[in-house]
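Reader: I am new to this structure. Please walk me through its nonpolar cores and its aromatic rings.

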Amino acid sequence: MENTLGLEIIEVVEQAAIASSKWMGKGEKDIADQVAVEAMRERMNKIYMRGRIVIGEGERDNAPMLYIGEEVGICTQPNAEALCNPDELVEIDIAVDPCEGTNLVAYGQPGSMAVLAISEKGGLFAAPDFYMKKLAAPPAAKGKVDINKSATENLKILAECLERSIEELVIVVMKRERHNDLIKEIREAGARVALISDGDVGAAISCGFAGTNIHALMGIGAAPEGVISAAAMRALGGHFQGQLIYDPAVVKTGLIGENREANIDRLKSMNINDPDKVYDAHELASGKTVLFAACGITGGNLMNGVRFFHGGARTQSLVISNQSKTARFVDTIHMFGEPKTLQLN
């Protein structure tokens with residue numbers, strides 16, 4: 001799958017990033033999201049595959065989205081019968097967030113990206129667009145930290161695994177009211193907190209790379225990003241756990257379902273009978289082959305954002321594969337119209 005679809009999924013996230021980046025700094029987060037969705041869908045529908053969206057963002061707040069259950073790929077074209085034989089195409093499950101960090105794009109802040117994960121049919125966790133409690137940590141702490149432990153306990157374990165003092169650790173937490181107690185506990189334990197306003201995929205996968213100065217991600221974020229992060233962390237050998245959060249009282253935003261009971265029913269309708277189960281990376285991204293791809297919209301810890309020049313643009317993407325055990329940074333120059341002198345800096 002990596003050999004046949006690797007370049008294709010890079011182009012999917014590149015096109016979404018370029019489309020969204022044109023709205024960077026214009027204060028229009030929904031438009032930045034919508035154009036990324038449209039660009040991602042358009043490019044995916046040119047790929048010779050039978051794709052299915054198993055988890056995506058937008059359902060919670062009526063934002064533009066690639067919806068759960070949507071079919072993508074060449075067979076969606078109006079003249080599909082002339083283009084493909086469905087029986088000959090690989091079936092793919094896809095988790096997407098075309099514009100991870102819409103506010104970051106709207107206000108010209110760092111860390112937004114177009115991101116997705118793919119696996120063979122049945123290889124990615126299928127769930128509603130709910131929230132998820134998450135714990136990400138470096139490979140050295142895999143299986144040692146635990147989402148069921150307190151933040152203080154996990155910080156002690158993490159410090160031992162990384163041979164650091166707790167005071168040297170940097171923990172990323174989203175700046176939300178629901179995290180006030182968590183932030184207080186982390187600080188009282190002695191670790192430093194890096195607060196982010198949006199976009200926790202970048203923070204999660206940064207834990208899988210040495211030298212990023214990010215040692216853990218803790219707290220509650222969106223579930224689609226959790227599945228996508230798990231796909232990357234599985235391939236990187238890092239630690240990732242996720243637990244679905246379905247109670248609006250816990251999330252404290254009012255953007256998740258009608259009520260706790262209705263959300264539990266929704267989970268059951270998708271064959272999730274234990275709503276409180278804690279999933280590890282291998283359960284959230286269980287496929288034999290798992291690919292993660294992201295392209296920076298605005299610059300972040302791992303990737304540069306889209307940079308326009310006269311006649312083109314330059315993007316930087318990251319592709320992580322458990323099949324080839326690689327993490328590739330891809331630098332691409334896109335030429336619009338007639339080729340011109342290439343911009344290399």
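**Cores and rings**

Author: This is a predicted model. Its largest nonpolar core has 49 residues. The members that touch the most others are F125, F240, L244, L284, F292, L318 and I320.

Reader: Why is the pair of F125 and Y279 called tilted?

Author: Planes under 30 degrees apart count as stacked, and over 60 as edge-to-face. The ring centres of F125 and Y279 are 4.6 Å apart. Their planes meet at 45°, so the pair is tilted.

Reader: How many residues apart in sequence are the parts that F125 and Y279 tie together?

Author: F125 lies in the loop between β4 and β5. Y279 is in strand β10. The pair therefore ties together parts at a sequence separation of 154 residues.

Reader: Is F329 buried, partly exposed or exposed?

Author: F329 forms a tilted aromatic pair with F209, with 6.0 Å between centres and 55° between planes. Buried means under 20% relative accessible area, and exposed over 50%. F329 has 40%, so F329 is partly exposed.

Reader: Which ring does the charged end of K22 sit over?

Author: The charged end of K22 is 5.9 Å from the centre of that ring. The ring belongs to F336.

Definitions and conventions
Residues are numbered from 1 along each chain as its sequence is written. This is a predicted model: local features need pLDDT of at least 70, side-chain atom pairs count only at pLDDT 80 or more; totals for chains, interfaces and linings use all residues. Side-chain values use heavy atoms; hydrogens and water are left out. Rings of Phe, Tyr and Trp (its six-membered ring) pair if their centres lie within 6.5 Å; planes under 30 degrees apart count as stacked, over 60 as edge-to-face and the rest as tilted. Helices (H or I, at least four residues) and strands (E, at least two) are DSSP runs, numbered from the N terminus. Buried means under 20% relative accessible area, exposed over 50%, partly exposed in between (1.4 Å probe, protein chains only). A charge sits over a ring if NZ of Lys or CZ of Arg is within 6 Å of the ring centre and within 35 degrees of the ring normal. A nonpolar core is a set of buried Ala, Val, Leu, Ile, Met, Phe, Trp, Tyr and Cys residues joined through side-chain atoms within 4.5 Å.
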